[in-house]
Protein chains: 2
Amino acid sequence: MKRIALLGCGSMGTQIALAIDSENFPATLTHVYDASKDSSLSLVQKLQNKPEIVENSHLLSSQPIDIVVEAASQDAVKDVALSVLQNKKDLMIMSVGALLDESIYDILSDACKDFKKTIYLPSGAIAGLDGIKSVKDELESLSITTTKHPRSLKGAKFFETSEVNLDEISSSTVVYEGTAKEAVSLFPANINVAALLSLTGIGSEKTSVKIVADPSTDKNTHHIEAAGKFGKMTFTIENVPDTNNPKTSRLAILSAIETLKKYCSDDIQIGT
Amino acid sequence: MKRIALLGCGSMGTQIALAIDSENFPATLTHVYDASKDSSLSLVQKLQNKPEIVENSHLLSSQPIDIVVEAASQDAVKDVALSVLQNKKDLMIMSVGALLDESIYDILSDACKDFKKTIYLPSGAIAGLDGIKSVKDELESLSITTTKHPRSLKGAKFFETSEVNLDEISSSTVVYEGTAKEAVSLFPANINVAALLSLTGIGSEKTSVKIVADPSTDKNTHHIEAAGKFGKMTFTIENVPDTNNPKTSRLAILSAIETLKKYCSDDIQIGT
């Protein structure tokens, strides 16, 4: 039975922990850490099998565990990822945006090979990454269009300098078109989706991003198009927000739990 | 470095073998078998690093290898899969249709747990299985529409009793609608795609299949729709046939190679 340590006891971390704690999950959550001791305590209280709370994030990977699950922040990834691998533990990363920094990606990829460990990135709020990674060497174009209600776009850095006024949008409107590299700094709430797609395919400079504000939608929709010698793929994912945390799509939580379950099981594994 | 044995030296097996034989693949092909000795010899001739040809399929998994790659037939899966696991080797299966027989699926799933080994099923000629497996517990509907040129449908058992005359179809026409369970016996050429989708999601009795003949297309197109509490996903995959084997989509070969590469690498693994 695999032993799991959790870094980050917020909304996402809590849902992952509850899934591990459920009866049919083939693993045990043994250690947790959150920068807020209250968050750690509050999580432990909700669980049947109580994990130990460690005193700092680096103490997670020195325990007798198999994998550290990061559900904290990009800074947490930058801080602990390398030492997790050096401690010969696997790692699952939710804050995928941290890997868009190429030097960090390369260091971690090399460390995986050096220490014979694996970093897992779940498909997050999108799908079809099985197809995109298979064709990545012959991809000619890759784009993602994200459509959200204008209120879900509020506060993005893009609007500090743009003339677009979200309050005046009365029908579906393209508010931004550019590269994934530029988009992740202007629309931080989209960073994980754009980062995942870029890393899976042809990088953030060649991946196109379009952001659409649509006052008639109550979903977050991602439409992905990929074309090349193999043919063409289009994926449309209409996500319902999670009831516990409306800023996150339900799919992002389900795909994290599924990735972890696959890691913990000896079974028939479907999908590339 | 992982050691691979290959069962089946036909078109698909040959392309997988050539990929393993290429410079940047982190594994070695050490043993091969095909019911036709000529096929084995012909494959070995094409490779830089010559694998050993074994005398029967069961001798593959008794060698010092890590994984057996099946690219032979459903019968080959039924014949050797269990003994591969009993010999404590992993297995990658291309002839996924063999697993639609529930008793076989259950036996192999149990054997994976007993012998702590994994069976890998690549995403084949479709994509989006990362999303579908994540939401499988809350799927309310799952369907696939496959569109092909009428000539690509010729010879299917369905037409023995149907009044549809493929030669008379002059525009895009739905020729069949039913369950995946029924479709796989009537359209054997579609069996892997329908089997994969059924196994990933809610089973072959609840998965709907539609077959469309379109004389204006030169591609094999799969359109998948999945809906439930999480929202909705639609995937459209327009496949170009492989130049070496027009009966197979290029994506099916690429996804097999990618699955194997992932198995052989310690690295950052993207996707659920």
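User: Which residues of α4(B) are buried, and what covers them?

Analyst: Note that this is a predicted model. Start with the helix itself. Helix α4 of chain B covers residues 102-115, which makes 14 residues. From the first C-alpha to the last, α4(B) reaches 20 Å. That is close to the 20 Å expected at 1.5 Å a residue.

Now look at burial. A residue counts as buried under 20% relative accessible area. In α4(B), the buried residues are Ile104(B), Tyr105(B), Leu108(B), Ser109(B), Ala111(B) and Cys112(B). Look down the axis of α4(B): these buried residues fall within an arc of 160 degrees, so they line one face of the helix.

Next, turn to the other side of α4(B). There, Glu102(B) and Asp114(B) are exposed. For comparison, exposed means over 50%.

What lies over the buried residues? The cover of α4(B) includes parts of two chains. From chain A comes β12 (268-270). From chain B come α3 (74-86), β6 (119-121) and α9 (191-200).

Finally, check where the helix ends. Lys116(B) follows α4(B). The phi of Lys116(B) is positive, near 55 degrees.

Strand β9 of chain B (residues 207-213) has five of its seven residues buried, so β9(B) is largely enclosed by the rest of the structure. Strand β7 (residues 139-148) of chain B runs parallel to β9(B), joined by seven bridges. Strand β8 (residues 173-179) of chain B pairs with β9(B) in the antiparallel sense, over six bridges.

Definitions and conventions:
Residues numbered from 1 in each chain as written. Chains lettered and ligands numbered in written order. Predicted model: local features only at pLDDT ≥ 70, side-chain atom pairs only at ≥ 80, totals over all residues. Heavy atoms only, no water. Buried < 20%, exposed > 50% of the residue type's maximum accessible area, 1.4 Å probe, protein only. Helix = DSSP H or I, 4+ residues; strand = E, 2+ residues; numbered from the N terminus. Pairing = 2+ DSSP bridges. Expected span 1.5 Å × (residues − 1). Arc of directions from axis to C-beta. Contact = heavy atoms within 4.5 Å.
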